[in-house]
Amino acid sequence: MAGGGAAAAASALSSPWRALLQRALDANAHLRHSTYFQLATVGAGGRPANRTVVFRSFQEHSDKIQINTDARSNKIAEIRNCPFGEICWYFTDSWEQFRISGSIDAIDGSSADPAKLQNREKAWFASSVRSRLQYLGPQPGVPIIDEEQVKDVHLDPSAVPAEAFCLLVLDPEKVDYLNLKNNQRLIFTRSQEEDGSIDWMAEKVTP
């Protein structure tokens, strides 16, 4: 069981499922699509909403998963209405699937938390200029009136995050791991103790 402060951070980095995920990332690193996964949220009227997003990084000193997105997209309103989501991440070479569920924090420029704004800025500059350009274009999902307007977008590489840039941070609470090569399935569940420390319980179940 992890302690507080630095001990809690060390525990986060050594979570049993995190070790499995890192191994899968390393084994599939030669495949560009290995950093793509599906993120499901609760959409309008309680209907499921799902899309493919890109894994950017783990938040420093934690197991939290970072995803870049457009603050004008439908998923932001969905997350703010119901801040729970699930990742489904399949690695085609090693035949491993991770379903990672938890709460999602949507961090845009209006955040009042300096630490969150700093993480957002780090994520912005960690992205390629080409990736950043999409946040200067028209709002996602609206009809295209002028093709040239969409193409005519320029960015100063040193510019601060665009207003439309939003950092999503998923805080895992449950991880369902399936290995189809050895027919093994493990479910990891997070619990938090009274002193704030985090513990992960692992259970082996039928696939």
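So, the surface first: the protein chain exposes about 11,700 Å² of accessible area (Shrake-Rupley method, 1.4 Å probe; for residues, only the protein chains shown count as cover), and 52% of that surface belongs to carbon and sulfur atoms. Before I go on, this is a predicted model, where local features need pLDDT of at least 70, side-chain atom pairs count only at pLDDT 80 or more, and totals for chains, interfaces and linings use all residues. Residues are numbered from 1 along each chain as its sequence is written, and side-chain values use heavy atoms, with hydrogens and water left out.

Of the 207 residues, 39% count as buried; buried here means under 20% relative accessible area, exposed over 50%, and partly exposed in between, with a 1.4 Å probe and protein chains only.

Now the fold. We have six helices and nine strands in the protein chain, taken as DSSP runs numbered from the N terminus (helices H or I, at least four residues; strands E, at least two). The radius of gyration, over C-alpha atoms, is 18 Å, close to the 17 Å from the globule rule (2.2 Å times the number of residues to the power 0.38), so the chain is as compact as a globular protein of that length. Its C-alpha trace spans about 55 × 40 × 40 Å along the principal axes.

Let's zoom in on β5, residues 84–91. Which residues sit on its covered face? Those are Gly85, Ile87, Trp89 and Phe91, while Phe84, Glu86, Cys88 and Tyr90 make up the uncovered one. On one pairing, β5 goes with β1 (residues 36–42), antiparallel, over four bridges; two strands pair if DSSP finds at least two bridges between them. There, alanine 40 stands opposite glutamate 86. β5 also pairs with β6 (residues 96–107), again antiparallel, over eight bridges, and phenylalanine 91 has glutamate 96 as its bridge partner in β6. Those two strands form a hairpin with four residues between them, and tryptophan 95 in the turn has a positive phi of about 60 degrees.

That tryptophan comes back on the surface: Trp95, Tyr90 and Leu180 form a nonpolar patch with about 290 Å² of accessible area together. Patch members have over 30% relative accessible area and no salt bridge; like charges are joined within 9 Å, nonpolar side chains (Val, Leu, Ile, Met, Phe, Trp, Tyr) within 5 Å. A salt bridge is a side-chain nitrogen of Lys or Arg within 4 Å of a carboxyl oxygen of Asp or Glu. Leucine 180 lies in the loop between β7 (165–179) and β8 (184–192), and is partly exposed at 42% relative accessible area.
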